[in-house]
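Subject: Two-chain model, handover and notes

Hello,

The structure is pasted below, followed by my notes on what was found in it. Please read the notes alongside the coordinates.

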Amino acid sequence: MSVSMATPGEGAAARQRRRSARLREYLVGYSLISPAVLLLVVLIVYPALKSIWDTLTTVLVQSPTGLVQVSHSPSLEIYRQLFINADYRLDRKAVVFTIEVTIITLIVLFAICYPLAMYLRFGKGRLPAFFRTLSLIPLFIPTIISAYAFISFYQQGNFLDVLLQNLHLEQTMFGGRYPQLIDNRTGIVMAEVWNNIPITVLLLGAGLGEIDNSLIESARDVGAGLWRIFAGILFPLTLRQFLVAFILAFIGVMGSYNIPALLGPTLPQMLGPAMNDNISQQRLIIAEAEAVLTFAIAAVVGLLYVVAVVRQRQR
Amino acid sequence: MRTRSRLVGRSVAALAVTVGLTLSSDFMPTRHAAAAAKSTIYFTSIGDVNVADLYRNTLIPDFNKAFPQYTVKFTEILHGINDQSLVVDNMTAAMNAGKSSVNLDVYEDSPLNYVYPAGKTFKDYFLPLTVKDIPNIAKIDPKVQAPAYGYGVAYRASAVTLVYNSQQVSTPPKTYSQLLAWIKANPGKFTYCSPADGGSGDYFVAAAIRSVMSASDYAALRKGYNTGLEKHWPKAWAILKALEPDLYQNGYHPSGNVAVLNLLAKGTISMGTAWSDQGLSALAKGVLPSYMHMTQLNPPFPGGPAFMSVPKLAQNPAGAKVFLNFILSPAEQAKIAVAIQGFPGIEFKYLPASVVKHFGTIASGYDTGWPGGPYDKDLQRLWKLNVPSS
């Protein structure tokens with residue numbers, strides 16, 4: 001530790017002074033961040049630890065007065081139940097469905113956002129500026145409002161249905177049946193993608209903005225195609241931003257409630273609505289176990305990010 | 001309705017705030033300044049915004065005009081969020097602290113909806129209310145009054161009804177089996193909301209359960225929780241499962257009562273179940289077009305009264321009883337019917353003909369036999385496991 005090493009010839013008093021100055025700095029620094037840390041501990045760390053502990057020490061059993069929670073010595077019983085008991089069939093399905101929807105959403109999201117961000121970065125003129133503004137709009141619209149907008153646009157009897165009918169497309173192309181896009185998995189994916197476009201485009205755009213034009217020009221000069229430039233230059237140089245956007249979207253989609261509740265199918269449910277149902281059914285411990293599973297998945301994804309960033313720094 | 005107020009509460013959980021409003025200053029009578037000592041009545045409601053408005057704007061001002069010797073202090077626990085701890089647990093604390101009274105005289109809910117400490121029941125927390133204290137109780141149908149075991153008065157009610165598009169349906173079904181036949185004959189034109197998301201779906205399912213239970217078993221549901229009575233429920237799941245392909249979007253269940261009304265309003269579906277008060281309000285506001293008609297089956301869908309009760313620790317039980325009797329008077333009951341489109345607590349025969357006419361065919365009544373409570377939780381859980389295709 002070179003900082004704490006005293007220079008030769010320095011007196012003990014000076015060293016002492018420096019040390020106490022640093023101590024003061026520490027104290028001020030920690031006291032400034034302590035409200036934030038305290039809030040984190042009270043609102044997140046403690047409830048999370050309590051949830052984990054609860055799920056290890058509680059099970060749900062049927063009693064003459066209804067379902068009751070029973071304590072026991074720590075074990076993974078509730079998770080075992082969650083994965084084998086027929087009563088929790090739908091909760092298992094919720095876990096699978098949530099992961100499925102999240103992965104599909106992320107694939108669609110990046111398939112749209114990379115080209116879009118590249119267009120906004122390298123395009124010239126007024127049109128890209130217009131699209132840049134347009135792509136930010138979802139950022140300012142609460143999900144509950146966009147979900148209702150999706151309903152009033154896509155639901156049977158609403159805008160798109162009426163439009164297709166008036167253009168006689170519904171009769172000629174779809175056999176007179178409106179091909180509804182919401183109230184199913186597609187509905188969730190569409191709305192989740194729509195909601196995540198701004199932040200993803202912003203992050204990828206920031207990464208792309210740091211790339212020197214000359215780098216791309218020289219690649220062009222030696223005959224690299226668009227895909228080669230993307231795979232060889234743009235993607236590797238925006239990997240950090242990609243990972244941040246990936247994690248934000250992953251955790252956001254996995255934990256979402258409004259969109260799957262309003263635009264998803266009756267069943268299977270995503271974890272958000274499933275947890276909510278379990279709470280209203282007074283099956284708190286099941287909701288808690290699902291919350292812990294959500295933490296765990298989010299933590300694994302977060303870890304991937306940390307590992308990737310550390311690796312990149314070491315390079 | 002607890003079912004609904006809880007659901008509404010959930011959907012706006014972000015608004016989980018307790019709104020405490022003291023309105024006493026509005027009701028200081030000036031004309032009777034020299035009258036005898038005034039006494040205060042503390043009144044707490046857990047109703048939705050429309051119910052709170054009814055109190056603030058109509059019932060409490062009316063009461064003050066009629067009984068200037070009382071001051072009503074009104075508090076609203078919006079959507080009843082955290083009502084257990086705010087009301088019952090607080091009373092427990094007061095009892096443990098040896099207090100002889102609390103500032104709560106009239107509480108707008110049934111004592112039976114709460115959990116009491118081991119060894120205690122609602123009878124230890126609330127006062128029995130009889131015709132002797134509150135003469136207008138005699139005007140309430142005993143069947144409507146029964147669920148509170150004499151510890152609450154039914155002051156308004158709502159029931160699940162059938163709403164249909166009269167442009168598309170000329171003769172609506174009259175019984176549950178006719179309704180099922182209609183749904184099968186008109187695929188895609190009916191749906192009900194997920195039972196956990198709204199009472200209008202919950203009670204449609206309860207009607208299916210009732211159709212597979214013997215009358216005596218169904219009546220026994222009211223006597224306490226016994227899973228043995230659920231043994232024939234799988235038949236109801238089979239009926240509802242078979243119905244799924246013929247529902248809107250091959251078995252899509254909207255999330256909540258209002259979502260069903262929206263589908264009806266758009267003409268997307270031709271028939272659905274709805275709460276009487278929500279349907280009538282939507283009609284009155286024009287949210288539902290006037291060609292949407294409401295009707296009731298025979299036997300009717302379940303419904304339920306909302307109760308008011310008086311705690312044992314009330315600091316002014318006499319005033320509370322005067323207040324309750326006033327709320328049950330035909331004139332005020334008619335105002336409830338108009339203001340929130342709610343069924344009155346007292347029987348329709350005591351109300352002016354114009355009010356009764358307003359309710360039309362749905363004034364025929366509702367089923368008071370469905371018990372709710374743990375049976376409702378089982379209904380919601382088992383429906384989800386057995387009915388929708390996943």
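Domain bounds here come from an automatic or database domain assignment. On that basis chain A is divided into domain 1 (12-58) and domain 2 (88-314). This is a predicted model, in which local features need pLDDT of at least 70, side-chain atom pairs count only at pLDDT 80 or more, and totals for chains, interfaces and linings use all residues. Residues are numbered from 1 along each chain as its sequence is written, while chains are lettered from A and ligands numbered from 1 in the order in which they are written.

Chain A

The centres of domain 1 and domain 2 of chain A, taken over C-alpha atoms, are 35 Å apart. Six residues from domain 1 of chain A and six residues from domain 2 of chain A make up the contact (two residues are in contact if their C-beta atoms, placed from the backbone, lie within 7 Å). On the domain 1 side, helix 1 (residues 12-57) of chain A gives the most, with five residues. Helices (H or I, at least four residues) and strands (E, at least two) are DSSP runs, numbered from the N terminus.

Contact between the chains

Between the chains, 20 residues of chain A are in contact with 20 residues of chain B. Helix 3 (89-122), helix 12 (258-263) and helix 13 (271-280) of chain A are the elements that give two or more residues to the chain A side. Helix 3 of chain A has the largest share of that side, three residues. By class, the chain A side has six nonpolar, ten polar and four charged residues (Ala, Val, Leu, Ile, Met, Phe, Trp, Tyr, Cys and Pro count as nonpolar, Asp, Glu, Lys and Arg as charged, and the others, Gly among them, as polar).

Chain B

Chain B has 14 helices and nine strands. Of its 390 residues, 48% count as buried, that is, 20 or more other C-beta atoms lie within 10 Å of the residue's own, with C-beta atoms placed from the backbone; 12 or fewer is exposed, and in between is partly exposed. The chain is divided into domain 1 (2-157 + 304-352) and domain 2 (158-303 + 369-386). Their contact takes ten residues from domain 1 of chain B and 17 residues from domain 2 of chain B.

Cores

A nonpolar core is a set of buried Ala, Val, Leu, Ile, Met, Phe, Trp, Tyr and Cys residues joined through C-beta atoms within 7 Å. The largest has 101 residues, and B:V106, B:V153 and B:L324 have the most contacts inside it. Strand 4 (residues 153-165) of chain B gives the most to this core, with nine residues. Both domain 1 and domain 2 of chain B give residues to this core, so it lies between them. A second, separate core of 46 residues includes A:L82, A:A94, A:V189 and A:A261.

Helix 3 of chain B

Helix 3 (residues 83-96) of chain B has 14 residues and reaches 19 Å from its first C-alpha to its last, close to the 20 Å expected at 1.5 Å a residue (the expected span is 1.5 Å times one less than the number of residues). In this helix B:D83, B:V87, B:V88 and B:M91 are buried. The buried residues of the helix pack against strand 1 (39-45) and strand 3 (106-108) of chain B. Just after the helix, B:G98 takes a positive phi of about 75°.

Regards
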